[in-house]
Structures are given as C-alpha cells and as structure tokens.
2 protein chains.
Amino acid sequence: MSSEQAPMFWVDGEPATAVPLTDRGFQYGDGVFETIRVVQGQIPFFDLHWQRLTDSCRALSLPLDEVLLRTQLNDFLAGRQDGTLKIMVTRGSGGRGYNPAGAGGRTVLGWFAPVPLPDHRSRDGVSVMFCTTPLGHSPALAGHKHLNRLEQVLARDELNGTDFGEGLMQDLQGRVIEGTMSNLFLVESGRIITPDLSLCGVNGVLRRWLCQSEAVTIASVSREQLLAVDEVFIGNSVMGVVPVVSCEGRQWQPGPVTRRVQQEVFQLFHVDG
Amino acid sequence: MSSEQAPMFWVDGEPATAVPLTDRGFQYGDGVFETIRVVQGQIPFFDLHWQRLTDSCRALSLPLDEVLLRTQLNDFLAGRQDGTLKIMVTRGSGGRGYNPAGAGGRTVLGWFAPVPLPDHRSRDGVSVMFCTTPLGHSPALAGHKHLNRLEQVLARDELNGTDFGEGLMQDLQGRVIEGTMSNLFLVESGRIITPDLSLCGVNGVLRRWLCQSEAVTIASVSREQLLAVDEVFIGNSVMGVVPVVSCEGRQWQPGPVTRRVQQEVFQLFHVDG
C-alpha cells in the first residue's frame, strides 16, 4: 500500500479520525506524545523517542502496553517512506473527574507531511525573539512531552505577525529555557551549553542525543549570557539543527560547531546538507 | 423531551460523542471548561460561570461566539431538570503545530448525573491530606479553568487507596493553595480566609461568589496556619460547601461560619440542608 492510500490516523490500532469526548486527553490533557521524523520508513532517533515515551508514561502512571504499541507502530509505518509521525498515548476514557483510577489508556498514531530538509532555515538560520509568556515551574511535569501545552500555544501565538522563526521562553526568574517547539543550545569557546530543565521545559530527543554524543554542559542561562556567546542554535528531532542568526539586535553567523552538529543530524536523516 | 431521551453530548450544537483528533483541546489542552450545577433547569451561579468562561477565552485568545453558545446552552438545557453540565470551549481544529492562527473554535456540552445534596460529606465533613504533587507556578494560566489539568490528575491519584475526601495542593514554596477539585477556606475569629491564586490555582465560582457576598481575606496560607485556625471548609459550585473535619491529626467540628455559608449555598440550590 502506498502512503497516499494508507489511513492517516489510527486510534487504538484502527483507522479513525476522532476520539471519544470522554477521552482524558481531551478532558484534561491527560497524556503524552512524540513527534517523530520518519526517514525511508525508519525512525533515526527511535530509541530516544521510545525511552522518553515509556519513561513519561511511567512517571505519569499512564497505562501503556508497550508490545502492542510497537506492533501498531510497525503496522502503521509499513509502506510509508518519509514524513512526520505523531504518537499520542492518553489515559483513555474512564476514571471519575480528575481521578484516573480505572481508565484504560488509548493510543493514537497520525501521519503528517514530510518536512523538507535542508530548508532555508537550516541553511540561513532564523532570527528569534524573547516571548513574554513565561514558562511556569512544574517539577512534576518538567522534561515530559505531555499534552498540557497551553503555555507553548500562547508563546507561539506571539510570533504571529512577526518574521521571527522561533520564540525563546524564559521561566519566572528570567532564565532562558527553550524555544516554543525546540531546545536551545549555546556555543562558548567551542563548548556546547544547554539550559537546565529540572523545573520546566521539554527534554527533547535531539537534546538528549546531543548530550549523549557530545560533551554538553547543562547550566542556568540568562538573556545576557545568551547574547554574549559565540554561536546559538535551536533544534528538535524533526527539523534537526537550525542556526540562530539574530536576537535582540545581536547578530551571529552560523558557526563551525553549529554546522558540524547540523551535518551529523543530516547524516542520520540521510540528507545532503 | 425528557432528560433521559435528550442526547447527553453536543459538539458544535449537534449531538455527538466524539471530537476530531485534530481538535487542539485534544492535541494541546488548548481550551477551557466549566462544570456547572443545574437546579430545576436553571443555573444558580450562571453569571459567575459565564464571566469566568468568557474572561478565560479572552485571556487565552480562544475564539468564542458568545451569542451562539448561549443559544446552544438554552437549547441543551430545555427539558432537563437537575444535574451537572460541563461546557468546554476549545480552539477547535486548525493552526499548525502550537501556532493557533486560523483555528476556528469548538464548543462541547455534556450532561452528567446529578450530585445528591446534602450528602454525607456536606453533613459530616471530610478528612483531607496534603498531596505531594506540587502546583506549579504559571501566571499566564493561573486562575483560569483551562484544559491543562495533569497536576490535578496526579494529585487526585494520590487519594486512591485512602479514605481522604480531598487532597490539598501546595505550591513550590509550600504555600497551601487549593484542593484537587475545590477551593479552600479557613475561618479564624469569624473571618473567612482563602489562599491567594495569583501564581497558580483555579479561581472557582463558589470562591468568587463568597468573595462577593462575604468579607473574605485573600492571603498566603501555610500548613501551620491551616492547622491552627478555628474552622476549615472546601467548596466548589457543584458540591457546595463541605466542612473539613481533620488534617494531619488536627480535628475540627463543622463550625458556625461553615454551616452558615453552607446553608446559603443550599438555598441557591433549593436544597433543604
């Protein structure tokens, strides 16, 4: 079956484009998700996506049959080539009010258009702005890619009507944490630094891959520090690495560390940068 | 039409029990809701519910046709008597990723079983515990009854397997903020005190009604203060006022201020307490 003919959305392993109103994902944002780049039918960062998904399900006590989801995933990807896959795991229907006891869990798989790479952003970089919507501290949820994403929606909305390619979010103390849909990386004297996410933020797959493959320093980052470093880039596991070329009047050229890391990700994506 | 025959759920004004997967309420918790007590086909706290719903929609830039929703609400309630109504307003489908631009909005109305009042909890009171799940600080969302409710779900889950009737949630500095599904009130020398919600928490309809009809002091509340006051009660606009009779070994009798306020709410609900 070609990917054009295959159903684009599955709910609990069956083709479907709707979920019950009673699903706790809809009622409370009671679930997690992964947005995944699929290259030639394969998932380059599979282990890191799977680890975060299953870790988050455990942390939030979400019911998940890992064997079943893996089977669904393999079946769903059969015949598909390049694109973006979203996997959602919700607590499903059941429970009573906020009380989750008795809810059975639900899986949703959805297929989206491929992201062209390398695009003008990966080549030329993007300008970024600081969003005013703060990222609240929530240690119970920090790091997880859960379905409570209203802060990101409000922050992303601030970019509408501007030419900025991403918005940077700060916590309540003004520390710079991440982009609305990407993690943030600074390069200072050849050393890669990324903000600490213990109180808020999403611990992205690209960020975790980088922390495994490079000597990345995790630190508290202020606006002033950000504007003073040699290179800045943002990234996630779908768009890869994107150079930041300006912020608040400060300008950068895409630097050598950014380009090197970008090429490594392009190789995983089988892309000629 | 009797309430038994009338459809229990409406989506965008039509009977339906499912929402599109692409609804941003499901994808991101991008919406708000009200849980409303309906008494003899009327909504005793209508103005306060409506004010919060429309205020929250404005604050989160959620598209809402107020006239249309009011019409839907009147039609939905026609022939129904006593029960709990949930209204959800989501940003609907559309937008791209977190970017909400272009999303059209969606309304969902659902009908639930009536809550019997007065029940044993309003008569005898409940014991409460402190939950360990903290309430994160998120000033962009504080006060609103939005669909990002994972913290409440995790906190409510802590009560399973216990006999506690509600769990109290604290913020990251240990201030006591609210119950998992109720606001919190303390009585000291006849004066009602309720925790400040400027950094987190839901500004409940019952809380707002009380602040309008009584001289309520809004203050920062510590565990120690809570355990030292004369009376403690919790409440929301569905269950009314419920006395707290014990917490961490401290015991209270339902006190005169609690009983007086409880009776006032019963009168609004046309209940003989």
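Predicted model: local features only at pLDDT ≥ 70, side-chain atom pairs only at ≥ 80, totals over all residues.
## Basis

Local features need pLDDT of at least 70 and side-chain atom pairs pLDDT 80 or more, while totals for chains, interfaces and linings use all residues. Residues are numbered from 1 along each chain as written, chains are lettered from A in the order written, and side-chain values use heavy atoms, without hydrogens and water.

## Chain contact

Buried area is the accessible area (1.4 Å probe) lost on putting the two parts together, summed over both. Phe26(A), Tyr98(A) and Leu150(A) supply 20% of what chain A buries against chain B, more than any other three residues.

Salt bridges between the chains number zero (Lys or Arg side-chain nitrogen within 4 Å of an Asp or Glu carboxyl oxygen).

## Sheet in chain A

Five strands form an open antiparallel sheet, ordered E2-E1-E6-E5-E4. Strands are DSSP runs of at least two residues, helices (H or I) of at least four, numbered from the N terminus; pairing takes at least two DSSP bridges. E2 (14–15) and E4 (31–38) of chain A are the edges; each has a single partner strand, so one side of each lacks a neighbour in the sheet.

E4(A) pairs with E5(A) (residues 83–90) over eight antiparallel bridges. Glu34(A) sits opposite Ile87(A) of E5(A).
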